[in-house]
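Thank you all for coming. Today I would like to walk you through a model of two chains, and I will ask you to keep the picture in view while I talk.

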Amino acid sequence: MKKSKILLGLALTGVLAITLIAADHIDAPAVAGGKSDITDFYAFQGSNTDNMVFVANVQGLITPTASSSASFDENVMVEFNIDNNGDNVEDLVIQAIPRNGVMFFFGPVAPGTAGTTSMVKTEKPLGSISITPYGSEPIITTNNGAKMFAGLRDDPFFFDFGQYSAIIAGTATSFNNPGSDTFAGSNVMSIVVELPKSLLGGTGTLNTWVETKKK
Amino acid sequence: MKTIKNIVATASILTSILFVGCSDDDSFTSQPIDSQTEIDFSGTYTQQDQMGRPAINTVFVSSGNKDAFNTTTPSAMGASFQSAFQTKLLALNAGYTTNLLGLDAPTFTSVLATDVLNVSTTAPTTFYDGTNVLTGRALGDDVIDVELILIFGGPMAADNPGLTSDNVGSNDKAFLTSFPYLASPW
């Protein structure tokens, strides 16, 4: 079953033109297919429940064939935003930006200015980690109480986007059972950071989101 | 459900995507944290993409507004996009009254238009598990089914049964129980 899924993934993504927009994959013209295109965002309790984990995935639908040459863009910062007083304005940011094969993390720290432009908060380094090469075991580090990872991972998103598209197009009236995971067999560029909840500026409910920002 | 044809434009706007490998940067040096002060991180970085909850831009933002939505700060999204989200919701499901959360169309779309992910620092993480609502998003959460149920399922999650699950309930690879949690690449 897995082999057939791999083949399906290759067929879907490696050969011909494809029309895929889901989760946040390829959601808008300015970012579609580029290195700042966010595909997914996750925030969840760590295996140590004193910790919170943030995941940002970018550049979806990377085939195994294309994976060895996939890379982050040094001009693209990934910024996790945390609002801890309910006004949907970020009070803290965690930034990740690559340089020469290493992903550098900064924060959590108050942004210089909230909103759509940012500077790298170099005065608040969190740590850095070598970007894991394709095919290697994940390289992780712990620094300042935070664990960090950057590199290729299986796309964790699952959705029968093909059938959804058929429904939207009017050529089908319902989902199939079983459905078919359109994202099976494809990879994403992933940034994962796990850190103590005590660094997130409050308890209760946080509003969080991720942004890509380009120089 | 022919009214949902209205978002066909969303699905069909992108016709061709070609993935090309770029810089072959295999450099693999481990740099100490001290070096962060020596590397040039200067400059202003301007927003390109934004995401809180899954699939919001994809499903609810009209094709001409997708870039604008991605570059709007969440605090301004509600005022700018709630009305359009409501129109889209009713285009998807003309029979929408309320949903499993008891939210009418204006209330539901007001929540959706501000695209942030609520995360609880105290409760277990789930997008929706029948009890906890939006306490984060775990890797295995079937977020698409939750969203389909809230859009199509009506107040008892019983309406439009063919549209409330895509019948893909889990990822194609098992997640890890420890950091970095995501499965190894294909």
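What we have here is a predicted model, in which local features need pLDDT of at least 70 and side-chain atom pairs count only at pLDDT 80 or more, while totals for chains, interfaces and linings use all residues. Residues are numbered from 1 along each chain as its sequence is written, chains are lettered from A and ligands numbered from 1 in the order in which they are written, and side-chain values use heavy atoms, with hydrogens and water left out.

Let me start with chain B, which has six helices and two strands, helices (H or I, at least four residues) and strands (E, at least two) being DSSP runs numbered from the N terminus. Read from the N terminus, the order of these elements is α-β-α-α-α-α-β-α. Chain B has 186 residues, of which 50% count as buried, where buried means under 20% relative accessible area, exposed over 50%, and partly exposed in between, with a 1.4 Å probe and protein chains only. In helix H6 of chain B, nine of the 10 residues are buried, among them Val143(B), Leu148(B) and Phe152(B), but also Asp145(B) and Glu147(B). The cover over these buried residues includes H2, H4 and helix H5 (105-113) of chain B. Just after H6(B), Gly154(B) takes a positive phi of about 70°.

Now to the interface. How many residues of chain B are in contact with chain A? The count is 97 residues of chain B against 123 residues of chain A, contact meaning heavy atoms within 4.5 Å. The area buried between the two chains is about 9000 Å², and carbon and sulfur atoms give 61% of that; buried area is the accessible area (1.4 Å probe) that two parts lose on being put together, summed over both. Tyr45(B), Phe179(B) and Trp186(B) supply 11% of the area that chain B buries against chain A, more than any other three residues.

There are also 38 residue pairs in polar contact across this interface, both residues being at pLDDT 80 or more. A polar contact is a pair of N or O atoms within 3.5 Å; within protein, one must be able to donate a hydrogen and the other to accept it, and residues adjacent in sequence count only if both atoms are side-chain atoms. Among the elements that give two or more residues to the side of chain B that touches chain A are strand E1 (45-51), helix H4 (74-92) and helix H6 (143-152) of chain B, and E1(B) gives the largest share, seven residues.

That strand, E1(B), is also joined by two bridges to strand E6 (residues 117-118) of chain A, and the two run antiparallel; strands pair if DSSP finds at least two bridges between them. Within E1(B), Tyr45(B) is the bridge partner of Ser118(A).

Next, the charged residues. Side chains of opposite charge can pair when their charged atoms come close. The rule used here asks for a side-chain nitrogen of Lys or Arg within 4 Å of a carboxyl oxygen of Asp or Glu, and it gives four salt bridges over all chains. One salt bridge is found across the interface of chain B and chain A: Asp40(A) with Arg137(B), the closest N and O atoms being 2.6 Å apart. Asp40(A) lies in strand E1 (residues 38-45) of chain A and Arg137(B) in the loop between E2 and H6 of chain B, so the pair joins two chains. Asp40(A) counts as buried at 0% relative accessibility, and Arg137(B) at 1%.

Within chain A, Glu79(A) forms a salt bridge with Lys213(A) at 2.7 Å between the closest N and O atoms. Glu79(A) is in strand E3 and Lys213(A) in strand E11 (residues 205-214), so the pair ties together parts that are 134 residues apart in sequence.

Finally, is Asn88(A) buried or exposed? Asn88(A) is buried, with a relative accessible area of 17%, and its side chain makes a polar contact of 3.2 Å with that of Asn207(A).
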